[in-house]
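Colleague: I have the file open. Can you walk me through the fold?

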Amino acid sequence: LRRLFVCLVCLCVVMSAQGCGSIAGVSSGKRIIRISHAQSETHPEHLGLLKFKEYVEENLGDKYEVQIYPNEILGSAQKAIELTQTGAIDFVVAGTANLETFADVYEIFSMPYLFTSEEAYHETMNDTDYMEKIYESTDDAGFRVLTWYNAGTRSFYAKKPIYTPDDLKGLKIRVQQSPASVKMANAFGAAASPMSFGEVYTAIQQGVIDGAENNELALTNNKHGEVAKYYSYNKHQMVPDLLIGNLKFLNSLSDEEFQVFKEAARLSTEVEMEEWDTQVQEAKDIAQNQMGVEFIDVDVQQFKDKVAGVQEEMLESNENIRDLYDHIQEINKKYE
Ligand code: GCU
């Protein structure tokens with residue numbers, strides 16, 4: 001039934017984008033800006049996007065109306081990226097893993113233990129001038145990144161407790177649908193099982209997989225804590241989410257309009273990051289005290305040792321990540 005609903009909504013959106021009809025109540029003559037994302041309406045990203053909408057409409061409200069589609073209603077991240085590519089919708093929020101097949105520089109974020117501190121991660125991503133070069137790397141594919149959102153630190157969680165890398169042996173662990181994510185999980189000794197985010201809950205519940213890896217909000221906001229009761233703080237990745245825009249649309253804006261969208265994006269990140277810190281604290285509390293999830297502090301060094309060769313392997317097989325890698329190492333050093 002959900003699939004049917006998704007198809008119907010997609011059809012409406014695509015048809016109205018092509019001028020063949022319109023979604024109820026939007027024939028006001030304004031250009032409708034559609035943004036798709038995979039999270040719920042209470043998630044920091046949704047709140048950040050509400051700020052984006054507010055700022056755009058405050059400044060250009062006579063011309064644009066922003067509509068936000070949460071919960072993968074328009075399809076999984078990969079599907080929504082395709083819709084953004086063709087211009088059926090205008091923006092999508094997706095993790096870097098989904099962009100690896102469009103620009104392989106994004107593989108770098110799947111590298112285990114790339115950032116050695118949250119400070120280094122934030123500083124790297126907040127260096128807009130540097131990141132702009134990376135963000136342009138998907139221009140050929142027809143879309144460009146406008147800003148990033150914090151998606152915290154990823155760790156493994158499962159139906160069984162994971163204390164050491166040995167406990168991962170043979171476990172079927174869901175990863176994001178990207179070659180580098182698969183490599184990463186396999187290097188830990190797990191059996192990587194790529195699938196879209198929206199499928200993870202049922203897959204764990206039905207025993208198709210043993211667990212997954214993500215930030216703490218996956219336990220609460222996406223309810224995975226109902227079906228996986230052990231979360232191990234091995235902290236293997238900090239992977240940003242990105243706000244991605246259709247390039248034709250962005251290029252069609254006047255300079256002044258473009259600046260409004262850029263500023264809206266910057267403000268949305270500000271809101272999102274503040275919300276993130278608050279909500280992660282709340283998520284830990286809710287997961288532990290209301291959902292019965294056990295948080296396990298593991299010896300992170302053992303996990304680092306297990307995948308010690310992966311960074312070098314990745315650097316050898318993809319020269320496009322070298323610059324960014326060196327840049328991040330410099331930033332890492334500042335906080336060690
Ligand atoms: C996080 C992240 C999403 C990503 C998801 C996943 O929720 O914010 O962008 O898609 O993890 O693991 O698929």
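Modeller: Terms to begin with: helices (H or I, at least four residues) and strands (E, at least two) are DSSP runs, numbered from the N terminus. Residues are numbered from 1 along each chain as its sequence is written. This is a predicted model, where local features need pLDDT of at least 70 and side-chain atom pairs count only at pLDDT 80 or more, while totals for chains, interfaces and linings use all residues.

Colleague: OK. What order do the five strands of the open sheet have?

Modeller: The order is E2-E1-E3-E10-E4, with mixed pairing; two strands pair if DSSP finds at least two bridges between them. The edge strands are E2 (64-69) and E4 (143-149), each pairing on one side only.

Colleague: And how many bridges join E1 to E3?

Modeller: Two, between E1 (residues 31-36) and E3 (residues 91-95), which run parallel. Ser36 has Val92 in E3 as its bridge partner.

Colleague: Which strands does H2 lie across?

Modeller: Helix H2 (residues 44-60) lies across E1, E2, E3, E4 and E10 (241-246), at about 170° to E2. Axes are lines fitted to C-alpha atoms, for helices over the stretch in contact, and angles run from 0 to 180 degrees between N-to-C directions. Contact means C-beta atoms, placed from the backbone, within 7 Å.

Colleague: Switching topic: how is the chain divided into domains?

Modeller: Domain 1 is 2-151 + 239-281 and domain 2 is 154-238 + 294-334, with bounds from an automatic or database domain assignment. Their C-alpha centres lie 24 Å apart.

Conventions: Contact = placed C-beta atoms within 7 Å.
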